[in-house]
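Please consult the sequence and the structure shown below while reading.

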Amino acid sequence: MNHHHHATREAAQPPSQDDGTDRNPHAAEMRALMGKPLPPAAAATPSWTGSALGTVVEQLPDGALLVEPQAGGDRWHCPRAASCLLEPGKGDTVLVAGPHRESLYLIAVVTQADTSQSHIVTEGDLTIRSRRGRIALNAPALALQAERAQVEIADMEYRGAELRVTTLVARFVGRTLETVLDRLSVLTRSSFRLTEEVEQVRAGQIDMQAAETLRLHAKNTFVTSKALVKVDAEQIHMG
């Protein structure tokens, strides 16, 4: 009976008070760490998903572009990917992608700040090829500019309302030239024409006038007329 009463009294005793000495040496550091406030959720950097949208701020001298992320943060130094043929401009919304934030490429232009002009730019040769179909260029105005051009076309048909050609030297080499015109006007300072075989002229009227000398020379010369032959000059030498 006394043994049971002694056990009851020991269980009823209050727990011993902390004397200021923790058995765990890191307990104080843990309490200090737990007491610090958590950082706000807005300050946390979002996890990188592999691609993001941004705005072009500047084109750098090395050809890369400086892009401002739409989600905020430090600006990106992005080289243009080879597949992005459309040259980005300042203010354009672009898509950048890469394995991490320190290795990004500008892969596409999503929207242009200035839609009035677009430039397809490559560093080397550019070839546009269609294996089975055709390539069509359709625009209100077309401008071609190059230091040197070479055109090889097996069969070409041109239709237009007006054609103007300005050049220093023009050379045409071919086998056959056929021209059908309503009117032909040629103004030259000097003209030379060489025909190896036969040259024929059929006209309703022919008017030839020379300021100084008119010379006709051939092995055989025939001047015929059905109605009248008139020779008029101050001197006429025959033979």
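## Strand pairing

Two strands are regarded as paired if DSSP finds at least two bridges between them. The model is predicted, and the pairing described here is read from that prediction.

Strand 1, covering residues 51-59, runs antiparallel to strand 4, covering residues 93-100, and five bridges join the two. Within this pairing, serine 51 has alanine 97 of strand 4 as its bridge partner.

Five strands form an open sheet in the order 3-2-1-4-5, and their pairing is antiparallel. The edge positions are held by strand 3 (76-78) and strand 5 (103-111); each has a single partner strand, so one side of each is left without a neighbour in the sheet. On average, and with direction ignored, neighbouring strands of this sheet are turned by 45 degrees against each other.

In general, the strands of a sheet pair through backbone hydrogen bonds, in either a parallel or an antiparallel manner.

## Cysteines

The search of the whole structure finds zero disulfides. Cysteine 78 has a relative accessible area of 0% and is therefore buried. Cysteine 84 also counts as buried, because its relative accessibility of 4% falls under the 20% limit.

## Nonpolar surface patch

Val151, Ile153, Met156, Tyr158, Leu163 and Val165 make a nonpolar surface patch of about 720 Å². One of these residues, valine 165, lies in the segment after strand 5. Valine 165 has a relative accessible area of 64%, which is over 50%, so this residue is classed as exposed.

Notes: Residues are numbered from 1 along each chain as its sequence is written. This is a predicted model: local features need pLDDT of at least 70, side-chain atom pairs count only at pLDDT 80 or more; totals for chains, interfaces and linings use all residues. Side-chain values use heavy atoms; hydrogens and water are left out. Helices (H or I, at least four residues) and strands (E, at least two) are DSSP runs, numbered from the N terminus. Axes are lines fitted to C-alpha atoms, for helices over the stretch in contact, and angles run from 0 to 180 degrees between N-to-C directions. A disulfide is a pair of cysteine sulfur atoms within 2.5 Å. Buried means under 20% relative accessible area, exposed over 50%, partly exposed in between (1.4 Å probe, protein chains only). Patches are made of residues with over 30% relative accessible area and no salt bridge: like charges are joined within 9 Å, nonpolar side chains (Val, Leu, Ile, Met, Phe, Trp, Tyr) within 5 Å. Accessible areas come from the Shrake-Rupley method with a 1.4 Å probe; for residues, only the protein chains shown count as cover. A salt bridge is a side-chain nitrogen of Lys or Arg within 4 Å of a carboxyl oxygen of Asp or Glu.
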